Amino acid sequence: MGKSCSKPLFPHPLSLQIKYSRSSFTTATTAGAAPVSFITLCARGHLKEALTSHFPLLLSKPPLLSHLLKACVDRRSLSLAQQLHSIIITNGWWNTKFVTNHLINAYAKIGHFRTALKVFDNMPERNVMSYNILIGGYIQNGELDAAIKVFKEMDQRNSATWNAVITGMINSEHNEEGLNLFLKMHSDGFSPDAYTVGSVLRGCAGLKDLITGKQVHGYVIRSGLEFDLVVGNSTAHMYMRCGSLSEGERVIQSIPVHNIVACNTLISGRVQNGCAAGALDHYYLIKVAGLKPDAITFVSLISSCSDLSTLGQGQQIHAEVVKAGTMSFAAVISSLISMYSKCGCLDDAVKAFEERGGGDSDHVLWTSMIAAYGFHGKGDEAIELFNKMELEGLKANKVTFLSLLYSCSHCGLKDKGLELFDLMMAESYKFEPEVKHYTCVVDLLGRAGCLEEAERFIRSMPVKPDAVTWKTLLSACKIHKNEEMAKRMAEEVLIIDPHDSASYVLLSNIQAAAKRWGDVSEVRRRMRERTVKKEPAISWFELKNQVHVFITGDESHSQSEEIDLYLKQVTGELRLHGYVPDVGASLHDMDLEEKEYNLVHHSEKMAVAFALMNTPDSVPIRIMKNLRVCQDCHVFMKHISVVRKREIILRDSSRFHHFRNGHCSCGDYW
């Protein structure tokens, strides 16, 4: 930090001067001195008065029309733009490039790009700015390919031309192409402005290309722009997206002015790097400093609550969202839907969705709600919402289909899931499935017991399966006790990722259930040789805004002795109601008493015991776990929901389980 990178970004040294580009058509200098009264009327939006009271002046100085055309853009007044268009034609100012360029710009920015295109096509003469405006219009209209085509056909370009196309590429997530064009820009001798450098840094962030990002940062330092707010925030964002949180925080600290944009960069960076608690901590500092959070702030904060599954804090943030007047933003609503869903409050997620008028016309909201239904095992509701979405004329995207396939796989809707998979590739959508979509189909087939079909499906995929794809079928082998296939699937996973602890554990569980202790020992030996450690099972429960964490076999909690006694007592009660500990999947060859002791001290059982000891009888219990709930704990939760007459909501790594009156929402299908 503070030194330029030793490795140059380009093969030859460049004297790079980065500066803010001024508008290529400056109204005041080109139009000549305009009366203060005319400029004031235009600035205040009194456009008709400005036109009528100063019409003789406009006749003598046509470039002054640029003030009115600019005001049309600010007020989005199509009618006045059309009136000015008529005046330009009537008075023969069509050949004045400065005036016509402003007219094209006005139509493009008001949202009538086709009209702007007609004006451009009819221009007798054009200059670089004419083409730059056209490129900007295409990009604003989402037609990047057309903008690039115009760019390639231009005989002359200036820095603004390059900046517009590079920024357009990166904003459209064509990051690699944008960085390549940035290189070409330098080789042709053009200098970027600060906003383009910010875009290039965002491109590095999108690619998670830390090496190139550091090189661009070196240019920023040599150009004296490290204290610029736009460049500084983009630099920090790049480091954080590339996993260098501490470096990004140092960049933020070096920016002289800490506004809400800088705070948002820091908060979102912490969330992206798994530091959700740190994001919430910084928010409280923002409040103390008197800064006003915006929609972007709240999206990151709500995501923090989702990651931590802290319902109490999430509800507090929701209240502040309402108070700040940011409930109209789709991204905020989508985050609330996800947060309530991940905290086990599906009804609140539905309420947040319906308060937006059934999701409005934003397909992201509909997709979020479909995902929430799927996560809670409500496959039929997810499909019904998708059907309603189609009736509303909203186009689903790939994420929507991924959520639908997930919903079907967790509800046993095999045939409907396969139908949806075919639909996404059909004429109406023409989506190319990604690995995640194929993995969902494998899950559909595997959970339904079609193991051989699932394996054939994987081996015939047009894209290369990843470790998760093979692991999905390995999990299905455990459910259906297919030891032979499990060995093959585990080997496929370990070829891709030799240190994947979950695959070793799954294989061990299958072999332990078959009482093949020699094979279990062999798996454990391989884990030791490769220094693979089993991920510890962790469950957590929020009580009065404090998160209590429980680790299987750990006795460090302040109430561990009371929890141990409570579990012994309640297990005895459950036995009277038919509960029998499932010791079949124990990884160790030990006596029955030892196995039962280990089962009692699973993390989710300790968490639910703590919750029962410390909460009123009528309050639902929400437990979160980092791994998939085991068969024994699943049965335990069903029984305790009857004996203690409590609703228990358990989120594991796969889905939500709602235990009520001895039944689980998953229908024992998970």
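**Exercise 1. How many aromatic pairs does the count come to?**

Solution. The model is predicted: local features need pLDDT of at least 70, side-chain atom pairs count only at pLDDT 80 or more, and totals for chains, interfaces and linings use all residues. Residues are numbered from 1 along each chain as its sequence is written, and side-chain values use heavy atoms, with hydrogens and water left out.

Step 1. Apply the rule: rings of Phe, Tyr and Trp (its six-membered ring) pair if their centres lie within 6.5 Å. Planes under 30 degrees apart count as stacked, over 60 as edge-to-face, and the rest as tilted.

Step 2. The count comes to 19 aromatic pairs.

**Exercise 2. Classify the pair Tyr283 and Tyr284, then the pair Phe353 and Trp366.**

Solution. Step 1. The ring centres of Tyr283 and Tyr284 are 5.7 Å apart and the planes stand at 55 degrees, so this pair is tilted.

Step 2. Check accessibility (buried is under 20% relative accessible area, exposed over 50%, partly exposed in between; 1.4 Å probe, protein chains only). Tyr283 is buried, at 1%. Tyr284 is partly exposed, at 32%.

Step 3. Phe353 and Trp366 are edge-to-face, with 5.4 Å centre to centre and 85 degrees between the planes. This pair links distant parts of the chain: Phe353 is in helix α22 (residues 346-355) and Trp366 in helix α23 (residues 363-375), 13 residues apart. Both Phe353 and Trp366 are buried.

**Exercise 3. Check the span of helix α17 and find what covers its buried residues.**

Solution. Step 1. Helices are DSSP runs (H or I, at least four residues), numbered from the N terminus. The expected span is 1.5 Å times one less than the number of residues. For the 13 residues of α17 (residues 260-272) that gives 18 Å, and the end C-alpha atoms are 18 Å apart, so the two agree.

Step 2. Of the 13 residues, 11 are buried, so α17 is largely enclosed by the rest of the structure. Among them are Ile260, Cys263 and Leu266.

Step 3. The cover includes α15 (229-241), α16 (245-254), α18 (276-289) and α19 (295-308), by contact (heavy atoms within 4.5 Å).

Step 4. Gly274 follows α17, and its phi is positive, near 75 degrees.

**Exercise 4. Which residues have the most contacts inside the largest nonpolar core?**

Solution. Step 1. Such a core is a set of buried Ala, Val, Leu, Ile, Met, Phe, Trp, Tyr and Cys residues joined through side-chain atoms within 4.5 Å.

Step 2. The largest has 82 residues; Ile302, Ile317, Ile337, Met369, Phe386, Phe457 and Leu473 have the most contacts inside it. Helix α21 (residues 330-342) gives the largest share, seven residues.

Note on methods
Helices (H or I, at least four residues) and strands (E, at least two) are DSSP runs, numbered from the N terminus.
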